[in-house]
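Dear colleague,

My findings follow directly after it.

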Amino acid sequence: MRNTHPLKFTLTLCAIAGCVQPLSWTSSKKQRIYAVHRLLLISVIFTLMTSQLINIILNIDKSNEYSDTMYMTLAVLIGNYKLISMWITAKNIRSVIDIFAEKLFRSLESYETIIQQKYTKLTKKYAMWYYMLVQITVVGIIVNAYFTNFTKRNLTYRAWLPFDYTSPGIFFLVFTHQMLGVSIVAAANVACDLLVSGLMQQICCQLEILEYRLTKFSKGQYILRDCVRHHDRIYEYAHKVNIRFAHLIAFQFAVSMLVVCANLYKLATTSLNSSLFIIVLYTACMLSQIFLYCWFGNELKLKSLELASNIYKLEWQKLNNNSKKDLVLIMRRTSTPIEFNSAIIITLNLESFMSLLKTSYSIYNVLKYT
């Protein structure tokens, strides 16, 4: 019986969003179909991003107009960047996803399967909450845009277009293009965010399975050499995942800080109406987005440090000297926890999340009083 991938739900979202090709699509025909699908998605959001950036350069000269445009332009920019990056590094991303087929990472008995299922359910639970929040926001944006902009023949997002779009037919196409672009951007961001956070949760899962194997080893049911190799492989894998997504994490932090700052400015200057509700939802999405990285990065760090404490609880008096030395080596390595970071100065933990909020609020205050 073929094992189900622990990130099946997340990978399905990634496939729909154009981030990761479905694992079962191995034929050249299906690969070409998916390449066309991905190219169409990138084309939509790239043209949307280009029109917004040109509009900023040519037409905007007031701070309130910058805030009205930049908060969505930045989201489109990061979504486009994620899609293209995932396309360029497709083989590397596939190697990261396929790691769970390795013998050391597979569940070898029923209790390990229970541990794996627990983390799979948790991953799907958090993914569903985040996905639903973003989808509610997207639907809210589209509905609000229809009643406040479409009926008045106004574009939802300021954009530079090299043609006259005032005729009903052309305006409908341009409006649809913007709404479709927003939907694709949301899907790409959700997929990429959930993939990175899901991989961090699976590393936590492997650490918990390793803890269980060490307790079974002390009772003579596992070979310590395999546990040492498993621990070493977990660290190697965590480093590999961190390297693969370091540039995305750094870019996401920078964009999130600017978007939260822009949204705070808009919240302070927007009257109580439907647009205010959309801004609140959008801000919640951006904060949830970066919180996912920081929360699970923090959990991974704590889980890796916890391993040493659990090794202390083993029945050392029953072990021979070689086994004790091997366990000491594992404990020494756990003194350096597994931490995800990017751009050297950004570490994924709760302190980084609080720092981002403080920095965003400081920039908002500067803009408010200038």
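Apart from its neighbours within four places in sequence, Val138 is in contact with Ser183 and Ala186. The model is a predicted one. Val138 is found in helix H5 and counts as buried, because its relative accessibility is 8%, below the 20% cut-off. Tyr282 lies 144 residues from Val138 in sequence, yet the C-alpha atoms of the two are 8.6 Å apart in space.

A search of the whole structure for cavities of 30 Å³ or more returns one. The volume of the largest cavity is about 210 Å³. Which residues lie nearest its centre? Of the 18 residues in its lining, these are Val134, Ala186, Asn189, Tyr282 and Cys285. Four helices each supply at least two residues of that lining: H3 (63-88), H5 (110-148), H6 (168-217) and H8 (274-312). In terms of residue class, the lining of the largest cavity comprises 14 nonpolar and four polar residues, with no charged residues.

I also examined the cysteines. How many disulfides are there? The count comes to zero, where a pair of cysteine sulfur atoms would have to lie within 2.5 Å. A disulfide is a covalent bond between the sulfur atoms of two cysteines. For Cys192, the closest cysteine sulfur is that of Cys19, and the separation of 5.9 Å is too far for a bond. For Cys205, the closest cysteine sulfur belongs to Cys204, at 8.8 Å, which is likewise too far for a bond. Are these two residues buried or exposed? Cys192 counts as buried, with a relative accessibility of 0%, and Cys205 counts as buried with a value of 0%.

Finally, I turn to helix H4, which spans residues 90-97. Its buried residues are Ile93, Val96 and Ile97. They lie on the same side of H4, because the arc that they cover around the axis is only 95 degrees. An α-helix has 3.6 residues a turn, so residues three or four places apart point the same way.

With kind regards

Definitions and conventions: Residues numbered from 1 in each chain as written. Predicted model: local features only at pLDDT ≥ 70, side-chain atom pairs only at ≥ 80, totals over all residues. Heavy atoms only, no water. Buried < 20%, exposed > 50% of the residue type's maximum accessible area, 1.4 Å probe, protein only. 1 Å grid on protein atoms, 1.4 Å probe; cavity = no way out; pocket = protein on both sides within 12 Å on 5 of 7 lines; lining within 4 Å. Points joined across faces, edges and corners; volume = space filled by probe spheres on them. Nonpolar A, V, L, I, M, F, W, Y, C, P; charged D, E, K, R; others polar. Arc of directions from axis to C-beta. Contact = heavy atoms within 4.5 Å.
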